[in-house]
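Subject: Structure for your files

Dear colleague,

Here is the structure we spoke about. My notes on it follow below.

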Amino acid sequence: MLMKHRSSAWFGPRDRDGFIHRSWMKNQGLPDDLFDGRPVIGICNTWSELTPCNAHFRDLAEHVRRGVYEAGGLPLEFPVMSLGETLMRPTTMLFRNLLSMDVEESIRANPIDGVVLLAGCDKTTPALLMGAASCDLPAIMVSGGPMLNGKFRGQDIGSGTDVWKFSEAVRCGTMSECEFKEAEGCMNRSAGHCMTMGTASTMASVVEALGVALPTNAAIPAVDSRRYKLAHVAGRRIVEMVREDLRLSKFLTRPAFENAIRVVGAIGGSTNAVIHLLAIAGRIGVELTLDDWDRLGRCVPCLVNLMPAGKYLMEDFYYAGGLPAVIRELGDLIHRAVPTVNGKTVGENVSDAPCYNRDIIKPLSDPMKAEGGIVVVRGNLCPDGAIIKPSAATPELMNHRGRAVVFETIEEFHTRIDDPNLDVDESCVLVLKNCGPRGYPGMPEVGNMPLPSKLLNKGITDMVRISDARMSGTAYGTIVLHIVPEAAAGGALAIVQNGDMIELNVAKRKLYLDVSDSEIKRRLEAWKPPAAPSDRGYAKLYYDHVMQADRGADFDFLVGGSGAAVPRESH
Ligand code: FES
């Protein structure tokens, strides 16, 4: 017997309401037989000219559409909010949860049986997966793919990573403003998202590792024809998945999340993956904590020689074998029996995965860096945790004690950091407050604070920096992030003063403010919380409901899901 899909609640009835649902759709030229009960596939599109990383998505959607038609489905593309990392203020992270709500409600309210999620720029991937997980229909992610390598004066340059390098070079006089301007046109020279192992590439790898995207999804360049082939095949496959009732919850299991955490370690992935995976897990009912990140990442070396931790870029990574080669290399560190959307297990998908370049994808026996995972530190400064990415840090600074130089806000930081009279040397610890979820609001990527010019001029390239902010996945340095509780929520970070001594010991998982408990208590009693950012609108909703970074900075009322039961009729 043919399975009745949820879309038949709209298109099936022969009555007045069925007439309305079909008749208006027919204004798009759709013939009668497309409403015969076949699976209706939503193509959830984050295309926008304001999101340059996703600006090729109308093309990508066309290839998904071909596959859906071929397999006997009806594709219907729909737009959702798009989040462009480079333009949106105050930060795209403020809107990740809003996009997830847009996705969830758009899917549930419409005659959709399965969905292909088109995502690329950083926050679009987690937001789409969070929203779809709360509906729990069959879904496949198709990433937009990375840009081709940047090329500047004969050198490969990476989006993000080389921006930070070049701007520091200009500040300390080793690069001219003219060269800086020229580099602007050489960095991002094709369709696609950042081609370093930043957040977009990390999250594209995460969805492949979770098994909710097809193998090789992570690395195929956006302009490579094989990206379009993958979109086409995803279109075919989602129709079969609807017929097989393969919902997201069949794939998003605890072992799948454990695989993803280990893959993030092996690729030297972005710290942002921590916050996003915690939020996705919360939507699908998988208990995942910061401690899982530390425990599972502990034995995973970084295998991939990509910026910001290494020297190559995503295009090179694809030609070297891409993510399947990495997963294969991880061997028993991966749960191989985890199912994936192509109908095979993770192990089956990678059993013959070739590696064509051992300088880009290193063997487990001779890794790029011994420690690839994310380390969780705790202490009186961050009782609920903070994170650091050892593969991007300076080994000598990972056990360090230094004097705090404190900035109450990011604006104060910008005003003072290049002041020649700033009382700072390379042994100090830069402390930035009020940049967490509630504090900014939205937890921006400002944790990779630029170093003071006067130290850059001395040739200093790294210092210990701590904050409740996030940092760009393309950034690097000995940087402690996501301090919980954040300063604006009354965490001890709020009362750190210039001159306090701070100790970081990554091996011992410790971040410690060397101030007595009684003095911390006294300062906290005198502390006044910053004013709420707004008394209305989305900013108020966000401020009132956002959880701390250790809970993925999701909204408290969005945890879990509401399924995809057909809502009551609209007429
Ligand atoms: Fe979109 Fe980096 S700015 S992925």
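At what angle do helix α5 and helix α12 pack, and how far apart are their axes? Helix α5 (residues 124-135) and helix α12 (residues 272-284) pack at about 10°, and their axes are 8 Å apart. Axes here are lines fitted to C-alpha atoms, for helices over the stretch in contact, with angles running from 0 to 180 degrees between N-to-C directions. Helices (H or I, at least four residues) and strands (E, at least two) are DSSP runs, numbered from the N terminus. The angle makes α5 roughly parallel to α12 (angles under 35 degrees count as roughly parallel, over 145 as roughly antiparallel, 65 to 115 as roughly perpendicular and the rest as oblique).

Before the rest, the basis: this is a predicted model, in which local features need pLDDT of at least 70 and side-chain atom pairs count only at pLDDT 80 or more, while totals for chains, interfaces and linings use all residues. Residues are numbered from 1 along each chain as its sequence is written, and side-chain values use heavy atoms, with hydrogens and water left out.

On the α5 side, Pro126, Leu129, Met130, Gly131, Ala133 and Ser134 meet His276, Ala279, Ile280, Arg283 and Ile284 of α12; contact means heavy atoms within 4.5 Å. By class, this contact has 7 nonpolar, 3 polar and 1 charged residues. Ala, Val, Leu, Ile, Met, Phe, Trp, Tyr, Cys and Pro count as nonpolar, Asp, Glu, Lys and Arg as charged, and the others, Gly among them, as polar. In the loop between α5 and β4 (139-143) lies Asp136, a residue other than glycine with a positive phi, near 60°. Asp136 is buried, at a relative accessible area of 17% (buried means under 20% relative accessible area, exposed over 50%, partly exposed in between, with a 1.4 Å probe and protein chains only).

Arg262, Val263 and Ala266 of α11 make the contact with Leu323, Val326, Ile327 and Leu330 of α15. The classes in this contact are 6 nonpolar, no polar and 1 charged. In α15, 8 of the 9 residues are buried, and these pack against α8 (199-210), α11, α14 (314-320) and α16 (346-350). Just after α15, Gly331 has a positive phi of about 50°.

Two cis peptide bonds should be noted. One joins Met307 and Pro308, with omega about 10°, and Pro308 is in the loop between α13 (290-297) and α14. Another joins Tyr440 and Pro441, with omega about -5°; Pro441 is in the loop between β10 and α18 (453-456).

Cys428 is in the loop between α17 (410-416) and β10 (429-432). Cys428 is buried, with a relative accessible area of 0%. Leaving aside neighbours within four places in sequence, Cys428 contacts His400, Arg403, Val405, Met463 and Val464.

Finally, the rings. There are 9 aromatic pairs, a pair being rings of Phe, Tyr and Trp (its six-membered ring) with centres within 6.5 Å; planes under 30 degrees apart count as stacked, over 60 as edge-to-face and the rest as tilted. Ring pairs link Phe95, Tyr538, Tyr542, Phe555 and Phe557 into a cluster.

Regards
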